[in-house]
Amino acid sequence: MTDTATATPTPTRWKPPSMIERPAVRYALWAVAAAYLVWSMGALEVDWGRVAQGFPRAGNMVARMFPPDFSRWDLLVRGVVESVEMAFAASFIGMVLAVPLGLCAAGNIMPRPVYLVARTLIVLSRTFHEVILAILFVKIVGFGPLAGLLTLVVASVSFISKMIAEDIENMNMGQVEAVRATGASFAKVLVYAIQPQVLPRYLGVCIYRLDANIRHSTVVGIVGAGGIGMTLSATFKRYDYDFSMAILLTIIGLVFIGEFFSNWVRGKLR
Amino acid sequence: MLEITGLEKQYPNGFRALHGIDLRVDEPQVIAVIGSSGAGKSTLIRCINRLVEPTAGSVRLNGLEITRLGRGDLRRARRMMGMIFQEYNLVERLTVMENVLSGRLGYVGFWRAFRRAYPPDDVRAAFELLERVGLGGRHNTRADALSGGQRQRVGIARALMQAPDLLLVDEPTASLDPKTSRQIMRLICELAHERGTPALVNIHDVALAQNSADRIVGLRDGDLVFDGGPADLTGDALNEIYGEEDWSATIRSDEDDEDGAAPPPPPQASAGALGK
Amino acid sequence: MTPADHAARYPEVWRKFSPRQTVVRYIWFAGIVFVAAWSLRHLEIPWEYFLDAHEQVADLVVRMYPPAWDHFGQILDPLLETIHIATLGTIVTFGISLPIAIISARNTTPNVVTWFIGRFILVASRSINTVVWALIFVAIFGPGPMAGIWAVAFRSIGFMGKLIAEAIEEVDAGAVEAIEATGASRLQVLMIGVLPQVLPVIYGTTVYRWDINIRESTVLGFVGAGGIGIQLYSSINQFQWDEVSVMLLSVFGVVVVSEWISATVREKIT
């Protein structure tokens with residue numbers, strides 16, 4: 001040890017080892033990233049003239065947003081109440097319907113075909129953005145809160161049932177075996193071995209979903225599916241920016257309350 | 001060198017950790033600070049470099065009044081004081097070298113630190129220190145891949161990188177096993193003597209303190225109750241610091257330790273055996 | 001042992017919950033059901049629309065099949081644009097969210113005012129849905145992908161900023177203390193003491209958010225902010241269901257692939 005130290009002079013330069021050891025790979029990655037940036041920026045059809053106008057426009061818009069106009073509060077309250085009601089109802093229906101679907105999607109307690117069908121349903125409904133679901137439902141049941149409700153129900157069911165399925169798959173199978181060993185039927189296994197392990201997380205997920213539904217209920221209206229979003233998008237079309245600002249502030253407040261409530265309840269559940 | 005007068009600390013919750021400590025260090029010596037948990041050892045050390053703000057009193061390092069410095073001056077003053085921690089306090093996800101070089105942060109600008117482009121002299125000093133603390137060749141290892149003893153060696157190297165005028169050492173061995181504790185303590189004392197740097201070492205292990213320090217200071221409930229050489233630390237003195245207890249076993253085990261620690265441990269013998 | 005003691009220690013009827021607990025539980029159940037039912041009723045949903053929904057769905061499915069695959073050539077560019085919007089928006093967020101996270105974390109914020117500003121930015125960004133942000137940016141920059149990129153970025157700041165701020169609040173305070181003790185400046189403490197500890201979280205949330213953003217950018221076109229949504233919206237409104245099915249299948253493919261990429265990358269870096 002001391003021999004090598006005296007033989008070679010102590011180095012005076014040091015560079016930290018890179019995350020990617022081979023320099024060729026490192027530079028290649030940088031080149032790819034740069035090439036992607038150039039390509040994607042070039043591919044976007046941006047009307048630069050229009051974008052350049054954007055900054056004065058933004059200033060103008062902000063100027064018109066203040067002071068926020070709460071004078072049409074009746075319209076505002078009606079929209080917000082509708083959004084919140086859609087969120088409440090959809091969360092409840094979702095949490096009920098998610099239980100059977102979640103059970104079916106748990107690979108360790110269900111036969112393979114049932115599992116596959118349930119998983120496919122969940123993946124399908126999870127992939128599409130709420131607004132896509134909303135517009136499809138608008139086409140099916142017409143404009144109004146029913147389409148929004150159905151959208152939120154589908155989104156809630158897929159989210160909650162996925163969580164249930166994952167919880168069941170990760171639970172302690174020893175407890176299931178122990179209850180099964182007493183000669184219990186499937187329903188009894190469900191109540192005695194599975195439900196106690198999964199219930200607390202399930203309730204937490206439902207509350208979280210209520211919070212998420214409140215957030216989503218404010219946008220489904222943009223495609224005509226009810227709630228405050230309908231009013232909001234109308235104000236943008238009419239350049240009623242002071243009323244837009246009032247709605248946006250209300251939404252921020254609403255989401256803040258929803259999140260606070262959700263955190264509070266989940267804290268209590270723990 | 002270091003002069004502490006009337007140092008007091010009262011925490012916001014009302015707890016008075018230090019009531020008027022006076023301490024002078026005039027020569028480069030290793031001073032062990034002993035006392036039971038909660039006696040104020042950590043607070044004392046942290047009040048010196050103001051990681052904890054003292055509520056009253058004065059701390060002078062080489063004539064510079066530390067307690068009244070503004071932010072920028074405090075930073076410059078902190079460069080003079082190297083600190084070694086109980087839990088090593090390395091940045092785990094950085095390499096050993098980056099941790100050691102972080103001791104120079106007070107001397108380099110933001111961009112140099114960002115690019116890890118430290119001056120050549122600093123890099124050379126870092127390599128030499130790593131060699132000295134027994135971690136030669138480990139500079140590119142990430143800190144979280146090291147054992148406790150090795151991490152503490154990195155911590156020591158980082159503190160010494162500052163070329164400090166004073167070493168503040170907070171329970172350097174409390175998280176280590178007895179053998180490693182003795183090695184680390186010996187390393188700290190050797191380095192302090194080599195470089196002529198006084199060191200203030202908080203330590204729980206009375207035997208280890210008696211064994212390695214040049215001077216011992218005892219704290220009890222925020223008061224300085226003992227200040228003397230290791231030989232003066234009698235059972236009566238320990239009663240004064242820790243409260244009534246039978247100390248004969250502790251003092252005896254200290255002598256046993258001295259036998260074990262004084263001659264270099266037998267690795268050479270085993271290496272020779274392997275060589276044959 | 002007196003009979004009373006015996007009865008107390010070995011009751012003939014064993015119940016999991018005391019009578020009081022039982023009552024409280026039932027009140028909770030009843031309350032939840034009541035809120036859901038009341039919401040549903042108050043929405044005044046015209047249920048008769050719901051009656052023929054199955055026919056409408058069947059009709060949709062029939063008209064969607066077979067998908068008009070020859071249309072795929074025309075949607076390839078918008079599909080790529082969707083991916084670009086998500087990627088560029090995420091890159092913008094990557095740059096902005098760290099400083100905001102730093103002022104929003106209790107242990108690194110300079111003072112109460114900056115902390116409050118940081119928290120407000122996070123809450124506002126998260127409360128307003130990507131589609132609503134798109135409405136705002138379309139009004140500023142005009143229709144097109146530029147609005148989409150900024151919409152994606154503004155929504156993602158809250159998401160990433162919140163997660164990074166939480167990570168900053170959980171860093172090892174000892175390491176930070178040690179760097180402070182060397183006399184390092186505030187910026188150096190952030191860079192050497194804090195940043196390396198949260199870097200994995202930053203990379204992880206960026207990749208995670210990218211995959212969410214792909215899903216979000218599929219609907220930005222509904223409000224004119226670029227991507228596949230523009231064609232999807234017009235095809236739906238013109239009842240070109242065979243084209244719609246091609247687009248939905250493509251979106252499904254892109255989302256599934258991006259989810260897979262994101263999951264793989266995150267597994268590698270943690």
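Which residue of chain C forms a salt bridge with A:E259? The partner is C:R126, and the closest N and O atoms of the two residues are 2.5 Å apart. A salt bridge here is a side-chain nitrogen of Lys or Arg within 4 Å of a carboxyl oxygen of Asp or Glu.

The structure is a predicted model, in which local features need pLDDT of at least 70 and side-chain atom pairs count only at pLDDT 80 or more, while totals for chains, interfaces and linings use all residues. Residues are numbered from 1 along each chain as its sequence is written, chains are lettered from A and ligands numbered from 1 in the order in which they are written, and side-chain values use heavy atoms, with hydrogens and water left out.

## Where the chains meet

The size of an interface is often given as the accessible area lost when the parts come together. Buried area is used in that sense here, as the accessible area (1.4 Å probe) that two parts lose on being put together, summed over both. Contact means heavy atoms within 4.5 Å, and a polar contact is a pair of N or O atoms within 3.5 Å, where, within protein, one must be able to donate a hydrogen and the other to accept it, and residues adjacent in sequence count only if both atoms are side-chain atoms.

Between chain C and chain A, the contact takes 63 residues from chain C and 58 residues from chain A. These two chains bury about 5300 Å² between them, with 78% of it on carbon and sulfur atoms. On the side of chain C, the residues C:L43, C:H84 and C:R215 supply 11% of the area buried against chain A, more than any other three residues. The count between chain C and chain A is 2 salt bridges, and 9 residue pairs are in polar contact, both residues being at pLDDT 80 or more.

Chain B also meets chain C, in a contact that takes 27 residues from chain B and 21 residues from chain C. Here about 2000 Å² is buried, 64% of it on carbon and sulfur atoms. The count between chain B and chain C is 1 salt bridge, together with 7 residue pairs in polar contact, both at pLDDT 80 or more. The elements of chain B that give two or more residues to the side touching chain C are α2 (71-78), β6 (81-84) and α4; helices (H or I, at least four residues) and strands (E, at least two) are DSSP runs, numbered from the N terminus.

## Salt bridges

Over all chains, the count comes to 33 salt bridges. Three of the pairs are set out below.

| Pair | N to O distance |
|---|---|
| A:E130 and A:R209 | 4.0 Å |
| B:R46 and C:E177 | 2.8 Å |
| B:E92 and B:R151 | 3.0 Å |

In the pair A:E130 and A:R209, A:E130 lies in helix α6 (residues 130-141) and A:R209 in helix α9 of chain A, so the pair ties together parts that are 79 residues apart in sequence. At 5% relative accessibility, A:E130 counts as buried, and A:R209 is likewise buried at 5%; buried means under 20% relative accessible area, exposed over 50%, and partly exposed in between (1.4 Å probe, protein chains only). Leaving aside its neighbours within four places in sequence, A:R209 is in contact with several residues, including A:S91, A:F159 and A:H216.

The salt bridge of B:R46 with C:E177 crosses between chains, from helix α1 (residues 41-48) of chain B to helix α9 (residues 173-181) of chain C. Both ends are buried, B:R46 with a relative accessible area of 13% and C:E177 at 18%.

## Rings

Rings of Phe, Tyr and Trp (its six-membered ring) pair if their centres lie within 6.5 Å, and planes under 30 degrees apart count as stacked, over 60 as edge-to-face and the rest as tilted. By this rule the count comes to 20 aromatic pairs over all chains. The rings of B:F110 and B:F114 have centres 6.2 Å apart and planes at 20°, so this pair is stacked. B:F110 is partly exposed at 25% relative accessible area, and B:F114 is partly exposed at 43%.
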